[in-house]
Amino acid sequence: MLRQYFTLHQVARELNSLAGMHLKECYTQEKNSLILLLENEDLFALIECSIDPQWGTMFIKNDYNRARRNTLNLFPAALGQRLLRAAILPNERIITLQLEEHRIHCIFFGGGKGNIIVTDSHDNVVDAFKSPKKLLATVFRPDSPTIEALNSMPGELPVAKALSTSLLLPGKEYPRELCLRRGIDARAQLASLSAAEQMELESAARELRDECLGSRRYYIYRNENGAPLLSLIRLHDSGEPEHILDSISDALLLRIRTARRERRYHGQYAMLAKALKLNIDKIQKALRRLEDEGRNEDRAQQRQLFGELLVAHGNLHAKGLNELTLVDWNGASHVIPLLPELSVLENANRFFDKAKNSRQARVIREQRYFDYLAREEELQRAAEEFQAVQDLASLQSFINRFPSIIRTMSRTSQQEEQRFRTFELGEGFTLYVGRNSANNDELTMRFAKPQDYWLHARGVSGSHAVIKGPDKDKPPKYIIKQAAAIAAYYSKARNAGLTPVVYTQKKYIRKPKGSAPGAVVLERETVVMVRPQLMEEN
């Protein structure tokens, strides 16, 4: 709900509290983020405008430290002008800051299509945050979408979807809240309601719309996936709000910081859980290998015996023999393989050398075995303590207690992940996205396991994507849709609307012999329709 129309409407209202201040600085020091510094005598205010595909929104900040390096000044034509007012284009996600001679339009479209544009009084573009050369001297006059009547929506649409599509109530939460209040199944088809019921529902939707636009209290809840959720009204199916605030800017800032902190926690937790398991498996495999080598210890004794029997043989200088059958001092017969190019004595010395090497290897192996045992014990203790980790603070405490283990564990995992683009999807699921055709082959044919889920935009070229999770269960539907939106974004369909994305398990994918890099064949598939974007909004 960060860049929903209702939220941005509240932002525009709050921005009007800064009317009369002058724009002193305009700069960027983070990708997709613009800072506006306004001053009025001894007062100052900061506006942060983000067009990030995931965190895009706009709010007033009380403090912000400009970095000494790697900052870029922007929009010189707008500097020094007084802010007259802020307004939002009706039913559209565009906030306009009206200055004395120019306008700054903040466009909060999803899928990486957001931008910040400066126009003159005649709507001619004079500067832009993204693609300024392409937009320069073009005219920016966006149309305002109109709210459609509910009875004009297709009857097969679910009621909640029809409310959203008509622009009466954007998003998922507000249509669902209205249906809850009216005692209507949000998933029922619109056609299941009579014409009179549809008219009553539309009237109630307009009332809820006014309630959202007129709200002066802002609520932070948890959605069904446990992520923080900003609402302009009380939601009756979301429990008690965690926070109630009086400023939309404060609410947005709290929601973003909470989500970022928790995403960082889940990302680090998933990486450490995976690395911990990987290292325990690796050390246990090494211990089993050393135990198997120890069971072959009699080979050193056998080599020593073969050397002694050969030395006791009469003709030590004989060559050209492939084997000798000799009897030891206990009367047991032994067939000793020989190298024909060596004499009997030279073969004996070869067995003595091998016996010596085996004895030295045994000493090293025993020391290594005890080192591995100590390492496994430390890893198992860390794994037990890791079960108590529940938040970012306890995760950091765990890292501080086991710094050497963390460094060793993380190295392999980080090297593995840096080969591909990675996205933490929540609930322990990670999405890996290929960077090019050869990288796609590596991701799909070598990195992915048979039970992992594989995705690709259908009918167009693009990156392969693989979901890895904490177990072998199928990822939840929202995780698959989130991953599919990212897979569509990294394809030729990036700028399309709804895009079909296929997904299946890796075990149903094969690569034909001689096929081009990145080319694969699917034996079975499921299709999901998504809008291409880096991350689906909560």
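Residues are numbered from 1 along each chain as its sequence is written, and side-chain values use heavy atoms, with hydrogens and water left out. Because the model is predicted, local features need pLDDT of at least 70 and side-chain atom pairs count only at pLDDT 80 or more, whereas totals for chains, interfaces and linings use all residues.

The protein contains twelve helices and 23 strands; helices (H or I, at least four residues) and strands (E, at least two) are DSSP runs, numbered from the N terminus. Its radius of gyration, taken over C-alpha atoms, is 34 Å. Along the principal axes, the C-alpha atoms fill a box of roughly 110 × 60 × 50 Å.

Of the 538 residues, 46% count as buried, that is, under 20% relative accessible area with a 1.4 Å probe and protein chains only. The accessible surface, computed by the Shrake-Rupley method with a 1.4 Å probe, comes to about 28,000 Å², and 49% of this surface belongs to carbon and sulfur atoms. Among contacts (heavy atoms within 4.5 Å) with a separation of 6 or more, 58% are between residues 24 or more positions apart.

The structure holds 15 aromatic pairs. Rings of Phe, Tyr and Trp (its six-membered ring) pair if their centres lie within 6.5 Å; planes under 30 degrees apart count as stacked, over 60 as edge-to-face and the rest as tilted. Phe6 and Tyr174 form a tilted pair, because their ring centres are 5.7 Å apart and their planes stand at 35°. This pair links distant parts of the chain, with Phe6 in helix H1 (residues 5-15) and Tyr174 in helix H4 (residues 173-182), 168 residues apart. Phe6 is buried at 0% relative accessibility, and Tyr174 is buried with a relative accessible area of 0%.

Phe423 and Tyr490 are also tilted, since their ring centres are 6.2 Å apart and their planes lie at 45°. Phe423 is in strand S16 (residues 421-426), while Tyr490 is in the loop between helix H12 (477-489) and strand S20 (499-505), 67 residues apart. Both residues, Phe423 and Tyr490, are buried. One aromatic cluster is formed by Tyr265, Tyr269, Phe386, Phe398 and Phe402.

Definitions and conventions
Buried < 20%, exposed > 50% of the residue type's maximum accessible area, 1.4 Å probe, protein only. Rg over C-alpha atoms; globule rule 2.2 N^0.38 Å.
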